[in-house]
Amino acid sequence: MSHLSNMLRTQRFDDYRFYHQSTVNQTLHLISAVIFLGCYALLFKDPALAGIVGWLAMLTRQTGHFFFEPNGYDAVNDVSNDYKEAVKVGYNQTRKIVLLLVWGSAPIALYAYPTLFGLFDLPTDRFDFVRHVGALWLAIGIGGGLARMLQLFVTRDVTTGLVWAFKVLTDPFHNIALYWKSPLKLLRGELIDSAIADADWGDEDAGEAAHLT
């Protein structure tokens, strides 16, 4: 259990120091985390609505990554952006773009094939169509996570894949605990989190396992 805990701490620490330097990004992740908790609450009551809420949360956090996070040389950690993209355990920018393209194509596919080859009943109104989109988005989100986890089983090891999956599922709770002060930093004009340079989460191997958020 100690090994699993250290691996999880390593992934979370690399996540913070490599991919969440912008306080705008951190603030968007805080907002996204709260929305994701709503998604979790809806998951077993209304999965279609949970799918819509979940992707609203996902778009909020990916906006922070794509538009506000520094993409050049990382002077704080003394590594290049290409290095960080190459060693990510989860979804780097290229993988995220592919996943977002699949997400964006879902409404188009349902418009062209309303029953999606018999998977859904024929929608009777726009509300039915929106619910079908939500259900398909939920399937894409779950499928994307499972696909990457299985890929990690093959390319790395089972433990890495399972720890990454657990990290992703618990990120909303951890993001709230980690980034609740970020809006205040942003209001003070601190666009890059100055605490990262001195951060130490007590793991000497923290630089070995970068990953997704």
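**Entry 1: a residue on the outside**

I started with Asp78, which is exposed, with a relative accessible area of 56%. The model I am reading is a predicted one, so I keep that in mind on every page. Where does Asp78 sit? I found Asp78 in the loop between helix H3 (47-67) and helix H4 (81-87).

**Entry 2: another positive phi**

Next I looked up Leu116, which has a positive phi of about 50° and is not a glycine. I traced Leu116 to the loop between helix H5 (93-112) and helix H6 (126-155). Is Leu116 buried or exposed? Leu116 is buried, because its relative accessible area is 17% and the cut-off for buried is under 20%. Asp78, by contrast, is exposed at 56%.

**Entry 3: the whole chain**

Then I stepped back to the overall picture. How many helices and strands does the protein chain have? I wrote down eight helices and zero strands. Reading from the N terminus, the order is α-α-α-α-α-α-α-α. The radius of gyration of the protein chain is 18 Å, close to the 17 Å that the globule rule gives for 213 residues, so the chain is as compact as a globular protein of that length. Along its principal axes, the C-alpha trace spans about 55 × 45 × 30 Å.

Buried residues make up 45% of the 213 residues. The protein chain exposes about 11400 Å², and carbon and sulfur atoms supply 67% of that area. For charge, I noted 17 positive and 21 negative side chains. The centres of those two sets lie 5 Å apart.

**Entry 4: far in sequence, and in space**

What share of the contacts with a separation of 6 or more comes from residues 24 or more positions apart? It is 77% in this protein chain.

I then picked out some pairs to compare sequence with space. Ser194 and Ser22 are 172 residues apart in sequence, and their C-alpha atoms are 9.6 Å apart in space. Ser194 is found in the segment after helix H8 (182-187), and it is exposed at 53% relative accessible area.

Asn92 and Leu110 are 18 residues apart in sequence, with 28 Å from C-alpha to C-alpha. I placed Asn92 in the loop between H4 and H5. Asn92 is buried, with a relative accessible area of 9%.

**Entry 5: Phe36 and its surroundings**

I found Phe36 in helix H2, and at 13% relative accessibility Phe36 counts as buried. Which residues is Phe36 in contact with, leaving aside its neighbours within four places in sequence? My list reads Gly54, Ala57, Met58, Arg61 and Pro172. I also took the C-alpha distance from Phe36 to Ala199: it is 26 Å, for residues 163 apart in sequence.

**Entry 6: aromatic rings**

How are the planes of Tyr40 and Phe173 arranged? Their ring centres are 6.3 Å apart and their planes are at 40°, so the pair is tilted. This pair links distant parts of the chain, with Tyr40 in helix H2 (residues 23-42) and Phe173 in helix H7 (residues 158-179), 133 residues apart. Tyr40 is partly exposed, with a relative accessible area of 29%. I finished with a group: Phe13, Tyr16, Tyr179 and Trp201 form one aromatic cluster.

Key
Residues numbered from 1 in each chain as written. Predicted model: local features only at pLDDT ≥ 70, side-chain atom pairs only at ≥ 80, totals over all residues. Heavy atoms only, no water. Helix = DSSP H or I, 4+ residues; strand = E, 2+ residues; numbered from the N terminus. Rg over C-alpha atoms; globule rule 2.2 N^0.38 Å. Buried < 20%, exposed > 50% of the residue type's maximum accessible area, 1.4 Å probe, protein only. Contact = heavy atoms within 4.5 Å. Areas by Shrake-Rupley, 256 points an atom, 1.4 Å probe, with all protein chains shown as cover. Lys, Arg positive; Asp, Glu negative; His and termini not counted. Charge placed at Lys NZ, Arg CZ, Asp CG, Glu CD. Phe/Tyr/Trp six-rings, centres within 6.5 Å; stacked < 30°, edge-to-face > 60°.
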